[in-house]
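Trainee: Could you take one part of this model and go through it slowly with me? I'd like to see how it sits against its surroundings.

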Amino acid sequence: MLEKQCASMKDLQKVHTHLIKTGLIKDPIAASRVLAFCTSPAGDMNYGYLVFTQIQNPNLFIWNTIIRGFSQSSTPQNAILLFIDMLVNSCVQPQRLTYPSVFKAYAQAWFSM
């Protein structure tokens, strides 16, 4: 439903505000949909990161979403830092879908030096 209602970040911010007001943002599925839009081409990674930091106990899908988003952004080093944060400070363990984004981030960061 979020994908059909949001064509821009302005639309997403309205939906996000509604989710916060109703408390639905605490639902991991709702939060992950907001985050997924932020990491899409129509999204905003800075806003996405703020959304991510407000999610208590992010699950693997949420970690993968934010890492993938940053690996495709102009700041791939943030994906690497988030991956390290996941390893050190989270009880969530990376899975096989985590690594392609991490490898892409390393490649992007290496070639942008």
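Mentor: Let's start with helix H7, residues 99–111; helices here are DSSP runs of H or I with at least four residues, strands are runs of E with at least two, and both are numbered from the N terminus. H7 has 13 residues and reaches 18 Å from its first C-alpha to its last, close to the 18 Å expected at 1.5 Å a residue (the expected span being 1.5 Å times one less than the number of residues). Before going on, keep in mind that this is a predicted model, where local features need pLDDT of at least 70, side-chain atom pairs count only at pLDDT 80 or more, and totals for chains, interfaces and linings use all residues. Numbering runs from 1 along each chain as its sequence is written, and side-chain values use heavy atoms, with hydrogens and water left out.

Which residues of H7 are buried? They are Ser101, Val102, Ala105 and Ala109, where buried means under 20% relative accessible area, exposed means over 50%, and partly exposed is in between, with a 1.4 Å probe and protein chains only. These residues cover an arc of only 100° around the axis, so they sit on the same side of H7; the arc is that of the directions from the helix axis to the C-beta atoms. The general point is that an α-helix has 3.6 residues a turn, so residues three or four places apart point the same way. Turned away from that buried side, H7 shows the exposed residues Phe103, Trp110 and Phe111. Helix H5 (60–71) and helix H6 (77–89) are among what covers the buried residues of H7.

Now step back into the loop between H6 and H7, where you'll find threonine 98. Threonine 98 is buried at 1% relative accessibility. Not counting residues up to four places away in sequence, threonine 98 touches Leu60, Asn64, Ile67, Phe83 and Met86, with contact meaning heavy atoms within 4.5 Å.

Serine 90 is in the loop between H6 and H7 too, and is buried with a relative accessible area of 17%. Its side chain reaches the backbone nitrogen of valine 92 at 2.9 Å (a polar contact is a pair of N or O atoms within 3.5 Å; within protein, one must be able to donate a hydrogen and the other to accept it, and residues adjacent in sequence count only if both atoms are side-chain atoms). Leaving aside neighbours within four places in sequence, serine 90 is in contact with Trp63 and Asp85.

For a reference point elsewhere, take glycine 48 in helix H4, buried at a relative accessible area of 0%. Setting aside neighbours within four places, glycine 48 is in contact with Leu35, Cys38 and Ile66.

Met9, Leu12, Val15, His16 and Leu19 are the buried residues of H2. Seen down the axis, they fall within an arc of 120°, so they line one face of the helix. Lys10, Lys14 and Lys21 are exposed on the other side of H2. Just after H2, glycine 23 takes a positive phi of about 85°.
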